[in-house]
Amino acid sequence: MHEEARAAAAKWVSDNWDAAPISATRLYGEIAERVKGVEWAMVSSHGRRVRDVLEITDHAHELGGGRGAGVGYGLPSSVGAALAYRDTGRLCISVVGDGDFLMTSNALWTAAHSGIPLLVVVFNNRSYYNDEEHQERIARWRDRPVENKGIGIQITDPAPDFATLARAFDIAGFGPVSDPDALGAVLDEAIAVVRSGKPAVVDVLMQPR
């Protein structure tokens, strides 16, 4: 069963590596390349399949996310965890959804004010997507127009510029990154900022899941 699961995960990775918008497998794969041989902590993760890509061998490697569907939890909890790890030398990474990020983006002020080194990656699918899937299921069940599922849920028109929002808090902001082949270099730049003792935000345009 273990080998079958690993084979299925490997196929998912290869099938989705070059997808645009960027896939979860590419995002976590690029992160995996950058944490090899270093102490790191995934202080928040977003999406269902992070363990299919990252090798989780330490308690800090997946501290979780908003598993209780508490939208807005990811960023402030990440800032707190990164503060706890600040003097340990661990590279702290937080992957948060765009809707989650919008709810409590003021937590960036704390990260900037207190000099908390944290890499925040915004998993930007321009939607409160969990609810969009729910609306589609309910629409089919109740024989209502499925095309209305995104009303009040999709985060477009206008699409927020999260990198600019980060810079408003005097935090280095990168993106939005839409090219899968450009993601690695942008992460390198952002990680260099974090290694200097400061927070950084990378906005990544993502597949819905």
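Which residues is His46 in contact with, leaving aside its neighbours within four places in sequence? In this predicted model, the residues that meet this condition are Tyr28, Val95, Val96, Gly97 and Phe123. His46 itself is found in the loop that connects β1, spanning residues 40–44, to α3, spanning residues 74–85. With a relative accessibility of 25%, His46 counts as partly exposed, because that class lies between the limits of 20% for buried and 50% for exposed residues. Leu63 stands 17 residues away from His46 along the chain, and the C-alpha atoms of the two residues are separated by 11 Å.

The strands form an open sheet of five members in the order β1-β2-β3-β5-β4, and their pairing is parallel. The edges of this sheet are formed by β1 and by β4 (172–177), each of which pairs on one side only. On average, and with direction ignored, neighbouring strands of the sheet are turned by 20° against each other. Within this arrangement, β3 (residues 119–124) and β5 (residues 200–205) pair in the parallel sense over six bridges, and Leu119 has Ala200 as its bridge partner in β5.

Two helices are placed against the sheet. Helix α2, which comprises residues 24–34, packs on the sheet and touches β1, β2 (91–97) and β3, with its direction at about 170° to that of β2. Helix α3, for its part, lies across β1, β2 and β3 and runs at about 150° to β1.

Terms used: Residues numbered from 1 in each chain as written. Predicted model: local features only at pLDDT ≥ 70, side-chain atom pairs only at ≥ 80, totals over all residues. Heavy atoms only, no water. Helix = DSSP H or I, 4+ residues; strand = E, 2+ residues; numbered from the N terminus. Buried < 20%, exposed > 50% of the residue type's maximum accessible area, 1.4 Å probe, protein only. Contact = heavy atoms within 4.5 Å. Pairing = 2+ DSSP bridges. Axes fitted to C-alpha atoms, helices over the stretch in contact; angles between N-to-C directions.
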